[in-house]
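Student: I am new to this structure and would like a close look at a single part of it. Please take the place where two chains meet, and go on from there.

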Amino acid sequence: MTLTRIRGGTVHDPANNRDGVVMDLWFRDGVMVEGPGPGELPSRTHDASGLVVMPGGVDMHCHIAGPKVNLARKMRPEDHREAAPVRRTPITRSGTAGSVPSTFATGYLYAGLGYTTAVDAAIPPLAARHTHEEFHDTPILDKAFLILMGNNYYALKAIAEGEYERARAFAGWLLESSRAYGIKVVNPGGVEAWKSGWNNIHSLDEEVPHLPVTPRMILRGLAQASMDLGLPHPVHIHCNNLGLPGNAATTIGTMEALEGRRAHLAHIQFHSYGGEVSDQASFRSDVPRLADWINSHPEVSVDVGQVLFGSTTSMTGDGPLGYFLHQVTGRKWTSADTEMEAGCGIVPIVYKEKSFVHALQWAIGLEWYLLVKDPWRVGMSTDHPNGASFVAYPELVALLMDRGYRRDVLNRVHPRVRERSILQDLDREYTLQEIAIISRAGPARLLGLSTKGHLGVGADADITIYNSDRDRRRMFELPRMVFKAGELVVDRGEIRAESRGLTWHVCPGYDDGVLPDIRRWFESYYTIRFRNYPVDDSCLSGGGAVSPCDRGKRNP
Amino acid sequence: MTTSGPRASSSLNLISDAVCARCGCACDDIELLVEANRVREARNACPMGAEWFLASPEAGLPKALIGGREASLDAAVAEAGRILSEARFPLVHGLANATCEAQRVAVSIADRIGACLDTAMPLHRGLSGMAFQGVGEIHCSLGEVKNRADLVIFWGCDPGRTHPRHGERYSIGAKGLFTPLGRQSRRIAHVDLLPDSSGLNPDLFVPLEQGKDFEALWTLRALLRGHEIPAGACPGAPLEALRALSDAMKGSRFGVLFLGTGTSSAADSHMVVDAALAMALDLNRHSRFYVSPMRGGGNPAGADNVVTWQTGYPFGVHLGRGYPRFNPGEFSTEEVLSRGEADAALVVAADPASELNPAARKHLAEIGVVALDYGETETTRSARVSFMLAPYGLATPGTIYRMDDVSLPARPAVRSAYPSAEEVLRGIARAVGALP
């Protein structure tokens, strides 16, 4: 491929300490390279003078593929109907938008916002084959998924029996079999309790029905396994008690239960509430206490799960939560349980400015961005589509970069929010560099994707170029150009090329002495054959790409 | 184009863990003994499955026909591309009897040519999809039933007749984590017009009145909520039997209702599904209760999934304006043809010429039809262009979805002289300029 130059852009590349440096960038064969010696000329030059250049965006926690997302698409024709249609062009497929876009539309809409990598955060391993098929049909983006393990019966049983090594080997086998990227824990033990006919589990030391195992034991076991397998991304946790008043205590307890192990806490906004569980009116923000904890514990990172006002779809691997939301909203509800592995709940939801709870959730999300001191440990997310669709990211950027705008919105939402949060006292405004950190450089680093989120030599040439615009929402809504692996894929909002994108996964290896036991278990309790469970590389979008594991780095 | 499948061999080969696509159960423990490129024995398969595996492959039929005359594949693909490109209102119909890989290409063709796309045959399946869109769904994979179900209700279906291994693998005798005694670990109820004739041997039989599925479900829901049934109401089935069933449901920890086509007409079947789903929502206040459609053979669950992820809608999609619009009824195959709207059709492994109403059939006979199938049908015989395909699963690889949306890899056992549906569709896709 040809040598290409991006000339004279104002570069925000935090991983390489470039903060608004005016410079040329070069790439060849989809990879960033040094500028050539004298005499060698680029075959293409894109003039970026006066424009802002960043690495392509990286969404570290979203829901874009697999059975849960597809059930949501099927359940919500009205949501597609209300959205602007995604028309076919000579080089693109048609599709539907709304809170749960069709696969092709997902790729185009993300790329249109300057995002080039997205990680689906909750896939049952049994649905890996289905998810990889959808990834095939999700263009442009590089993709990966995390597998649900916090209610996996085999893993829970091994942990309950004190056989940590078996749990770890099982995790390695499961990651390889499903061609997944990392381990996700959703409401540890609570989903299994729901499936066993209980309501839920509410404390870290409550035992799961039928098994002497507690959320605390599950969290420790899987956090340790993620580290011992050398996974590029640590265990990714959706805590118990999502959405309930007073759940901040559970969140602190979860972080303490990890005892210094590395972890990522997902959509932390939904886990940061003070008040009494029995009294919805006591609802208040507990972010300052939690943010202090994060500020003093470098081994833990978060993404926010920002709520933005409007209509969206709640979807979760947390089965009892889906039922809870159905009870609260009275809307239609889909639940789907996967044998031995996971649950799922889907409910439409509208976040309203005049709803006290919704407006407080909005404020709590913003408090998180503004109170955590180290932006490298706060991933920008709406937990798409739970808090809002990813297409609302420009609105979020505007709220973070402009305190005047933020106050205008705060002044029109439910008035009690100003009593129950400290948002009105927070003057911090994000800089472009900090936006570049929370939307690409930080998530890439937290995911351990070493060729993403930066523009140094050897990085993938995933580049987004924005017009410099004081209207930050407009600036981030319509990038001037987007390159994916060196190819110009978006030009002024128009898709110019439709590449496939790669699916990233890990091959951590595992002690294969455990295989006979897994196989015996599998053939007793699953309904498909052991041999028909794993997917192979032929299933992977773009043939797949392996993110290396570092087993030498076991205990930091 | 190349032919598919493993190399021919004269010795005896064993293909294990093969997947059967005959009835929707997708049994994936089939052992195929293959000799001289023929399946000699399909171990573990039920009689229906064995028949599917052992069926004589098509032989002697040309790979492609144009106007009833043998043609080269390339010429037939070009002619198919011409017909579909020139059409002003093309229809793409079928898909449920093909791999997901073939389905994905068929949808890409529909998108490129701006076709009306429909997979829902018979229509009632589409209508249950609409009930799902109104209420939601409480669904689980079949392994959850095997491991946990202590009450299984077969409503308007008799698995012994339609899904012979459903009971042993998933729902009746299956032994699982919390059901170690299999049949003794669970109660079985059967709700239907007549008792089964297949040895189901339920603990409870509820005789249903013809066409009264909705009434019976609504009465059951009222009983479960503790309401009195007023004298003179039409309960749809003997009240005492419904009361016994509601008691069994109240006493279960994990119940599942498998919903067959029931006894109702297609026109009100979405109300039946709606009532079953609403009842399941109620029951989840106290325990777990699930409703699963008893889907039929082939890969209809794959078609549902593929059409949904590519367009956002499961069936009844019109792409003629350049983007997907959903309106079952208006955009359903039978209606589109009956109204004389379509001027060409791509039929993927379905036989509308013998299944649709007379008005639809009459119009289909008058327009340019491109038909692909695994053997001769009324539709392939009358099509302008037709292709014979290698049987999927048996001779070509690909992905098949079980009735509960679990996806499985087909394991081809024999070699076919015919191309796969995916290969033919890829050729047509290139001819109409569809994107891969």
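Which residue stands opposite B:G136 in strand 8 of chain B?

Tutor: The residue opposite B:G136 in strand 8 of chain B is A:W333. A word on the source comes before the rest. This is a predicted model, in which local features need pLDDT of at least 70 and side-chain atom pairs count only at pLDDT 80 or more, while totals for chains, interfaces and linings use all residues. Residues are numbered from 1 along each chain as its sequence is written, and chains are lettered from A and ligands numbered from 1 in the order in which they are written.

A:W333 belongs with strand 16 (residues 333-337) of chain A, which runs parallel to strand 8 of chain B and is joined to it by five bridges. Strands here are DSSP runs of E with at least two residues, helices are runs of H or I with at least four residues, and both are numbered from the N terminus. Two strands pair if DSSP finds at least two bridges between them.

This pairing crosses between the chains, and the contact as a whole takes 44 residues from chain A and 51 residues from chain B. Two residues are in contact if their C-beta atoms, placed from the backbone, lie within 7 Å. On the chain B side, the elements giving two or more residues include strand 8 (136-140), helix 3 (100-113), helix 4 (123-135) and helix 11 (300-311) of chain B. By class, that side of chain B has 21 nonpolar, 18 polar and twelve charged residues. Nonpolar covers Ala, Val, Leu, Ile, Met, Phe, Trp, Tyr, Cys and Pro; charged covers Asp, Glu, Lys and Arg; the others, Gly among them, are polar.

A:G197 also has partners in chain B: leaving aside its neighbours within four places in sequence, A:G197 is in contact with B:R253, B:F254, B:S287 and B:R288. A:G197 is found in the loop between helix 7 (190-195) and helix 8 (215-228) of chain A. Because 17 other C-beta atoms lie within 10 Å, A:G197 is partly exposed. The cut-offs are 20 or more other C-beta atoms within 10 Å for buried, 12 or fewer for exposed, and partly exposed in between, with C-beta atoms placed from the backbone. A:P209 is twelve residues from A:G197 in sequence, and their C-alpha atoms are 9.2 Å apart in space.

Chain A also has strand pairings of its own. Strand 14 (residues 300-303) of chain A pairs in the parallel sense with strand 11 (residues 263-265) of chain A over three bridges, and A:H264 stands opposite A:S301 there. Strand 14 of chain A also pairs with strand 18 (residues 378-379) of chain A, again in the parallel sense, over two bridges. In that pairing A:D303 has A:G379 as its bridge partner. A:V300 and A:V302 point one way from strand 14 of chain A, A:S301 and A:D303 point the other way, and all are buried. In the loop between strand 18 and helix 13 (393-401) of chain A lies A:P385. A cis peptide bond, with omega about 0°, joins A:H384 and A:P385.

Two loop residues of chain B remain. B:N37, in the loop between strand 2 and strand 3 of chain B, has a positive phi of about 60° although it is not a glycine. B:A349 is not a glycine either, and has a positive phi of about 55°. B:A349 counts as buried because it has 25 C-beta neighbours inside 10 Å, whereas B:N37, with 19 other C-beta atoms within 10 Å, is partly exposed.
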